[in-house]
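Hello,

Here is the structure I promised to pass on to you. Have a look at it first, and then read on for what turned up.

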Amino acid sequence: MEKLIINGGTPLRGKVQISGMKNAALPILVASLLTDDVCVIENLPSISDVSLTLSILEKMGCRVRMLTRDRVEIDSRPAVCGSSPVELVSKMRGSTYLLGAELGRWSKTKVGYPGGCDFGVRSIDQHIKAFEALGAEVTVDKGCVTAAAPRGLHGTSVYFDLVTVGGTVNAMLASVMAKGTTVIENAAHEPHIVDTANFLNTCGARITGAGTDTIKVRGVEKLHGCTYAIIPDMIEAGTYMCAAAATSGALVISNVIPKHLESISAKLEEMGVLIEEYDDSVYVTRSGPLERVNLKTLPYPGFPTDMQPQMGALMCLAEGTSYLNETVIENRFKYTNELQKMGASVRVVGHTAIFDGGAPLSGAKVRAVDLRAGAAMVIAALAVRGITEISEIDHIERGYEDLVGKLRAVGADIRLVVYNDTAMLDEA
Ligand code: EPZ
């Protein structure tokens with residue numbers, strides 16, 4: 001097993017290069033199944049969720065070839081419908097996109113029920129609503145989702161009961177080659193929805209309105225391959241912005257789209273963080289005390305739920321009482337128990353975490369209970385003097401490329417150690 005050992009208290013100073021966006025890479029890699037051709041995807045983050053997705057595609061028969069560290073060639077011509085391995089599919093939520101891609105290409109699908117961070121139920125009822133509106137019959141049985149449209153998929157109008165990123169992506173994937181036009185109402189606006197639509201349009205799809213409430217998809221006969229570069233990861237960028245703020249550091253965070261960071265920058269500035277925006281970078285520094293703040297997570301362009309735990313860690317350091325209201329994910333506060341091990345004063349009342357910040361935190365042995373929770377523990381550990389050990393860091397490796405290397409390059413005292421139940425075996 002591996003864990004991170006962090007000796008905190010050092011202000012982070014220097015430059016961090018942001019990688020491609022995990023939550024754009026996953027749908028776009030899976031969407032390559034629709035082309036029945038060869039695609040080259042660039043600016044791919046080297047993270048375990050991407051490796052897992054490429055393994056699933058390979059097991060389905062795709063020819064996958066890494067051209068460079070961040071460029072991959074995928075030939076989906078040999079792919080076999082319904083052949084994704086359940087044991088891999090169950091490891092991440094992104095596997096849900098296999099449903100939409102298989103339906104879109106073959107008008108049928110069979111995929112094991114998706115897994116991912118443990119936030120509670122994480123229903124896919126809206127995905128199913130879209131598939132049924134397109135003419136598919138869907139069953140969920142024995143941990144498997146099966147759907148088929150014997151007469152093919154037809155254009156439709158689907159209104160989502162709630163804003164859903166995955167549901168919006170899957171509705172696009174399933175409808176790009178349906179007969180007729182599909183209108184998706186109450187669609188999610190996230191940048192990775194737009195990126196996925198742009199990828200599909202580069203392959204010959206006819207999607208308009210991505211990034212707004214209403215997406216229109218005109219069905220086409222076929223999609224062809226293309227070369228496409230993933231957008232930068234706004235959540236990775238936001239995480240390093242929080243790390244700069246937490247350590248009273250000064251970071252240049254490059255390869256970003258500042259527009260995607262607007263809600264994060266605005267909230268950090270409310271806390272007294274100084275942010276300067278440039279074309280493709282932001283400069284983040286903090287000299288004075290962190291101010292307490294109130295925060296509510298919302299679908300884009302609201303404050304992203306994937307930055308919620310990281311902000312929670314920051315609220316522990318801000319003098320006064322801060323309120324953090326989570327409105328998107330059912331249960332995303334488990335990390336507060338880990339922060340309490342470091343001395344944080346925080347309690348959860350319903351969907352709101354209340355932080356009585358300012359008390360000195362101390363290093364401790366903590367767990368990464370999920371991906372962004374792990375990032376929150378890294379931020380807290382970097383901010384406090386003393387040693388913090390973070391275990392279960394496989395969660396963090398799902399979504400952060402070379403976290404240790406990027407942090408060390410800006411002055412963090414952080415090590416990755418391998419250990420068995422009793423002793424440290426090696427240091428990476
Ligand atoms: C995506 O999950 C992201 N994952 C999540 O990021 C992110 O937190 C989430 O969008 C919200 O932005 C990937 O992109 C792989 P949803 P997804 O469909 O698609 C309910 C990370 O840290 N819901 O918007 O599951 C359900 O409660 C991960 O990178 C239904 O009830 O998000 C769900 O939790 C964590 N029925 C919530 O909405 C549905 O049919 C948000 O779902 C769909 C969703």
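His189 sits in the loop that runs between strand S10 (181-185) and helix H7 (191-202). Please keep in mind that this is a predicted model. The His189 side chain makes a polar contact with the side chain of Asp213, at 2.5 Å. Leaving aside residues up to four places away in sequence, His189 touches Val194, Gly211, Thr212, Asp213, Tyr300 and Pro301.

Two of those names lead on to a point about the backbone. Tyr300 and Pro301 are joined by a cis peptide bond, with omega at about 10°. Pro301 belongs to the loop between strand S17 (294-296) and H10.

H10 has a helix partner as well. The axes of helix H8 (residues 234-246) and helix H10 (residues 308-317) come within 10 Å and cross at roughly 10°. Angles under 35 degrees count as roughly parallel, and H8 and H10 are therefore roughly parallel to each other. On the H8 side the contact is made by Ile235, Thr239, Cys242, Ala245 and Ala246, and on the H10 side by Gln310, Met311, Leu314 and Leu317. Sorted by type, the residues of this contact between H8 and H10 are seven nonpolar and two polar, with no charged ones.

Helix H1 (residues 22-31) and helix H2 (residues 48-59) have axes that come within 10 Å and cross at roughly 5°, which makes H1 roughly parallel to H2. H1 contributes Lys22, Ala25, Leu26, Leu29 and Val30 to the contact, while H2 contributes Asp49, Val50, Thr53, Leu54 and Leu57. The residues where H1 meets H2 divide into seven nonpolar, one polar and two charged.

Now to the ligand, which may interest you for your own work. Which residues are closest to the ligand? Of the 23 residues that surround the ligand, the closest are Arg93, Asp125, Gln126, Thr164 and Asp306. For three of these there are atom distances to go with the names:

- Asp125 has a polar side-chain atom 2.6 Å from a nitrogen atom of the ligand.
- Gln126 places a backbone N or O atom 2.7 Å from an oxygen atom of the ligand.
- Asp306 has a polar side-chain atom 2.6 Å from an oxygen atom of the ligand.

On its own the ligand has 820 Å² of accessible area, and the protein covers 92% of that.

Asn43 has a phi near 60°, a positive value in a residue other than glycine. You will find Asn43 in the loop between strand S3 (38-42) and H2, the helix whose contact with H1 is described above. Asn255 also has a positive phi, near 65°, and is likewise a residue other than glycine. Asn255 lies in the loop between strand S14 (250-254) and helix H9 (262-270).

Happy browsing, and do write back with any questions.

Best wishes

How values were computed. Residues numbered from 1 in each chain as written. Predicted model: local features only at pLDDT ≥ 70, side-chain atom pairs only at ≥ 80, totals over all residues. Heavy atoms only, no water. Axes fitted to C-alpha atoms, helices over the stretch in contact; angles between N-to-C directions. Helix = DSSP H or I, 4+ residues; strand = E, 2+ residues; numbered from the N terminus. Parallel < 35°, antiparallel > 145°, perpendicular 65-115°, else oblique. Contact = heavy atoms within 4.5 Å. Nonpolar A, V, L, I, M, F, W, Y, C, P; charged D, E, K, R; others polar. Near = heavy atom within 4 Å. Polar contact = N/O pair within 3.5 Å; in protein donor to acceptor, adjacent residues only side chain to side chain. Areas by Shrake-Rupley, 256 points an atom, 1.4 Å probe, with all protein chains shown as cover.
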